[in-house]
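Colleague: I'm new to this one, so could you walk me through how to read it?
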Amino acid sequence: MVVIKENERIDELQRNHYRIIQDPGRFCFGMDAVLLSGFAKAKPGDKVLDLGTGTGIIPILMEAKTKAAYLAGLEIQEDSADMARRSVRLNHLEEKIEIITGDIKEAVSLFGAASFDVVTCNPPYMTEKHGLANPSEPKAIARHELLCTLEDVICQAAKLLRPGGNFFLVHRPFRLVDILILLREHHLEPKRMKMVYPFADRAPNMVLIQANRGGKARMTVEKPLIVYQKPGIYTQEIYDIYGY
């Protein structure tokens with residue numbers, strides 16, 4: 001029996017009848033995690049690692065969408081990691097998904113170099129600490145670079161991937177120059193990029209990137225993803241990604 005704690009809830013994921021345990025008072029997954037799980041690719045038999053997995057949304061969705069042999073999630077906040085483990089048990093995925101409590105900056109020492117075919121990450125986006133009432137709060141840690149930086153994530157991903165392995169990242173367009181420079185500095189060659197727009201006539205608010213360890217220089221910019229066709233109504237592509 002999986003314990004559901006006070007203030008927690010169970011949400012449906014619309015994939016394989018999977019569900020996830022969340023605490024709205026801590027941090028709930030957003031559209032960015034779902035879009036990353038749809039953008040990322042894993043071949044049959046691949047080993048996949050999600051850095052900063054939170055409550056395990058990306059490994060659970062990727063298990064539903066791919067034939068990866070093994071998926072791991074690394075999370076520094078024990079309460080979030082505990083929720084992720086209970087969600088794994090709730091969906092009877094213990095043989096496929098493992099949740100580890102640990103620091104992204106120590107990922108290579110935890111898992112070993114060149115040990116994964118795919119690494120994913122939905123990292124903290126914000127660099128500044130302005131407006132943080134309590135930097136130790138779970139939401140602050142998830143949104144701001146308090147415990148790890150973008151370079152920490154990219155450096156560890158590069159070392160964790162086998163040669164030819166792929167790194168998938170969702171971030172904000174205002175960090176795009178930093179992302180591309182850091183990827184190349186760590187021998188991860190950008191291969192695919194997709195901008196996400198809330199509406200067709202608005203500026204993009206997310207960017208999805210695939211980089212390949214040791215790949216040749218050539219990047220494809222894919223057609224943009226539009227989230228809403230009109231207020232409150234998703235585009236068909238978003239419905240497809242969510243599985244509705």
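Modeller: Lys and Arg count as positive and Asp and Glu as negative, with His and the chain ends not counted. Each charge is placed at NZ of Lys, CZ of Arg, CG of Asp or CD of Glu. Here the protein has 32 positive and 31 negative side chains, and the centres of the two sets lie 6 Å apart.

Colleague: What kind of model is this, and how are residues numbered?

Modeller: It's a predicted model, where local features need pLDDT of at least 70, side-chain atom pairs count only at pLDDT 80 or more, and totals for chains, interfaces and linings use all residues. Residues are numbered from 1 along each chain as its sequence is written, and side-chain values use heavy atoms, leaving out hydrogens and water.

Colleague: How many helices and strands does the protein have?

Modeller: Helices (H or I, at least four residues) and strands (E, at least two) are DSSP runs, numbered from the N terminus. This protein has 8 helices and 13 strands. Its radius of gyration, taken over C-alpha atoms, is 17 Å, close to the 18 Å from the globule rule (2.2 Å times the number of residues to the power 0.38) for 244 residues, so the protein is as compact as a globular protein of that length.

Colleague: How much of the protein is buried?

Modeller: Buried means under 20% relative accessible area, exposed over 50%, and partly exposed in between, using a 1.4 Å probe and protein chains only. Buried residues make up 52% of the 244.

Colleague: Let's zoom in on Glu189: where does it lie, and is Glu189 buried or exposed?

Modeller: Glu189 lies in strand 8, residues 188-197. It counts as buried because its relative accessibility is 11%. Strand 8 itself is largely enclosed by the rest of the structure, since 8 of its 10 residues are buried.

Colleague: Which residues is Glu189 in contact with, leaving aside neighbours within four places in sequence?

Modeller: Contact means heavy atoms within 4.5 Å. On that basis, the partners of Glu189 include Arg184, Gln210, Asn212, Lys216 and Arg218.

Colleague: And which strands pair with strand 8?

Modeller: Two strands pair if DSSP finds at least two bridges between them. Strand 8 pairs with strand 9 (residues 206-213) in the antiparallel sense over 8 bridges, and Leu188 stands opposite Arg213 there. Strand 10 (residues 220-221) runs parallel to strand 8, joined by 2 bridges, with Met193 opposite Val221. Strand 11 (residues 225-226) also pairs with strand 8 in the parallel sense over 2 bridges, and Val196 stands opposite Leu225.
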